[in-house]
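Please read it alongside the model.

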Amino acid sequence: MATTLESARPRTRVRSSSPSPRRVRGIGGWIVRILLGVVFAFPLLFMFVSSLKPDQQIFGDLSSIAAFLPVGNLSLDNYGAVFDRVPAARFLVNSIGISAVTVVLGVLINSLAAFALSRMKVRGKGVILTLIIATLIVPFETLALPLVWWVNQLPWLDLNGFSLSLTTGWLDTYQVQILPFVANAFSIYLFHQYFESIPKELDEAARVDGASWFKIYRKIVMPLSGPAIATVSILTFLPAWNSYLWPLMVVQSEELRPVMIGVQYFFQLNVSWGEVMAYSSMITLPVVALFIAFQRSFVNSIASSGVKG
Amino acid sequence: MNTRFKRLLAASLTAATLVGSLAACGTGAGNSKDGANGELTLWTHNAGNPDELGAIQSIVDAYNQSQSKVKIKVQAFPQDSYNDSVVAAASANKLPCIVDIDGPNVPNWAWSKYLAPLNLSVDLSANLPSTLGKWNGQTYSVGYYDVALAMLARASDLKAAGVRIATADNPWTKDEFNGALAALKKLGKWDAPLDLGTAGTGEWLPYAYSPFLQSFGGDLINRSDFQSADGALNGDKAVEWANWFHGLIADGYAAQKSGKDSTADFLNNKSAIVYTGSWAADKARTALGDDLVVMPSVDLGNGPKIGGGSWQWGVTTGCKNPEAAMDYLSFSLKPENIAAVAKATGTIPATDAAAALVPGYEPTGKNRPFLDFSKKSAVLRPETPAYPFIATEFGKAAQDIISGADPKQALDKAVKNIDANIKSNNGYKN
């Protein structure tokens, strides 16, 4: 009976001249998605297109759809001007280096911490995890000045040729832009939640075979945690790439500055918006490329960990 | 306790102790060493501004070549974040020997002991008063230039509206100004004929709008002892200013929120008059040619007023070689150096001797009006360490008034906060 009813439904739909409610919902869903896509894509499109136009034309096109189209007097002049105003290549290299090292160390340190909390028998680990998560509610701005004081007291071993010398104070260095951001409560939480979803029987079997904790971490848990690694990588990369306040406070030498400080170079009394758009395009491209490369893992991990962003 | 956990705890404690020991072995943590090894660092707000930075670098290069005892090294920061960088460096005792500083902040930096009094070998009496930063009877900073606020318009628009062109000797009165705005609005070419830069933030708000208040007869604080804003910022004259100011928005003469770039909007004919600074003149002149008119601010009862004081130079208290820093500043104040910076930046040279070297500042020169405005109308922002707080409170009140808040209430609130701040800082006395 059920089969008969099911098979009858499509015939009814084919005969009907009006679209079914399900189809209408499908079309509606696509329209909403397209509209959302447009809303999110148009600012980027405007940025890229405007980076090719002279200032006068950018403002002239604002009142029409031409603002989003590569029409009119197009050139790469704004990109050339960017390099005259800002050491953009140096800033890009700095940001890539700082972000990459922060991501690599962040994945390593936070996954190790999460592994210990998830797998090892540590008394009070629930409390420890709660305390770690509780640090998320403290805004960075309230910690910034005390942190400046702290990093100015820390020792460092400087390599001068073949001799090591002990110095004090990390200000105006690369390490001050990396090390304070390696340990991250949210990354530990994310890894912890993901590790909890990996069957413990796997590492118990490995323990029976004589594997050490580190071997279990390295050979079993981490290879199964690709989506979590991708998500933590992106979530660590983005703030490292967008970092502005911290480098502003702790870096004085131009050769050590990251890309975001460079944005401020353009806001003089007479702003050249074409140059602003060109520089913004240059520093946005790596982020977009990274997201496109990792988007599947990113979405998977966000979905599986229940994190809504 | 688990054995492994004990080991972890012990290792952590050992590591923490080691770090602490290493820190204790360090070399005088936190003390500025700038100037100690024959190299003095100079911080400037000109990153991204190749014209001014180039002029500063040329002066530094010339000084470095003129002697062999010390070397000056330039580090440039973006203007918008410059103060934050200085405050962070000061908290870590890492300030350089020479800093540039926005004029109105000088008393605060002097009070905070960032700056040392200047001891230069040049006579500063010939400088425009607004190019000197003073506090407690001492000079802490000196600038190469000042800037001046003005009203830029198209002569053709004013003519079409039947409005006369205001001059330094004959500025618009309040009634004339209101009449001019009504006539321009009547032409129907602009949503709002006046661009006051209402999208501006930070120091723009007190710099641009407190001169209107002062022209009405009010002020940001009682300047007799700088201990209270009561009566100055919320008295009858101040409320009169606030009502008039809000009326410009309510009557549709000025936009509640202007565009981000007022000069660009004016050049794109989105406004008839733009209230801006001398820095916009060259761009406007290039675009409009002889149609551009440069007019003084409005006389709202007590003569036209504009803000005085731009970027200046000072020597920090932690500098290990202050004599060399003072020697550099003295060298940099030669008329040809001041002229070079003024030429590069389109600003008003600090001395007449320098102005004589800059084309455009002769009596009939195209930039002469700005020098005249500065000499006749410049009012220094209050020379008190409380100024940064006063500026913030005034800025909030101005934005509230623009948005339609009750003027008296907005001003009273600002006065209450300012007075409380001064009191909590013990009157900002030494």
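1. Across the interface of chain A and chain B the rule finds zero salt bridges, a salt bridge being a side-chain nitrogen of Lys or Arg within 4 Å of a carboxyl oxygen of Asp or Glu. Six residue pairs, both members at pLDDT 80 or more, are in polar contact across this interface. A polar contact is a pair of N or O atoms within 3.5 Å; within protein, one must be able to donate a hydrogen and the other to accept it, and residues adjacent in sequence count only if both atoms are side-chain atoms.

2. This is a predicted model, in which local features need pLDDT of at least 70 and side-chain atom pairs count only at pLDDT 80 or more, while totals for chains, interfaces and linings use all residues; side-chain values use heavy atoms, with hydrogens and water left out. Residues are numbered from 1 along each chain as its sequence is written, and chains are lettered from A and ligands numbered from 1 in the order in which they are written.

3. Chain A contributes 35 residues and chain B 40 residues to the contact (heavy atoms within 4.5 Å). Between them, the two chains bury about 3200 Å², 58% of it on carbon and sulfur atoms; buried area is the accessible area (1.4 Å probe) that two parts lose on being put together, summed over both.

4. Chain A is divided into domain 1 (20-75) and domain 2 (82-305), with bounds that come from an automatic or database domain assignment. The C-alpha centres of these domains of chain A lie 33 Å apart. In chain A, 10 residues of domain 1 are in contact with 10 residues of domain 2.

5. Domain 1 and domain 2 of chain A bury about 730 Å² between them, 76% of it on carbon and sulfur atoms. A:M47, A:F48 and A:D55 supply 54% of the area that domain 1 buries against domain 2 in chain A, more than any other three residues.

6. Which polar interactions does the rule find across the interface of domain 1 and domain 2 of chain A? There are two residue pairs in polar contact, both members at pLDDT 80 or more, and zero salt bridges.
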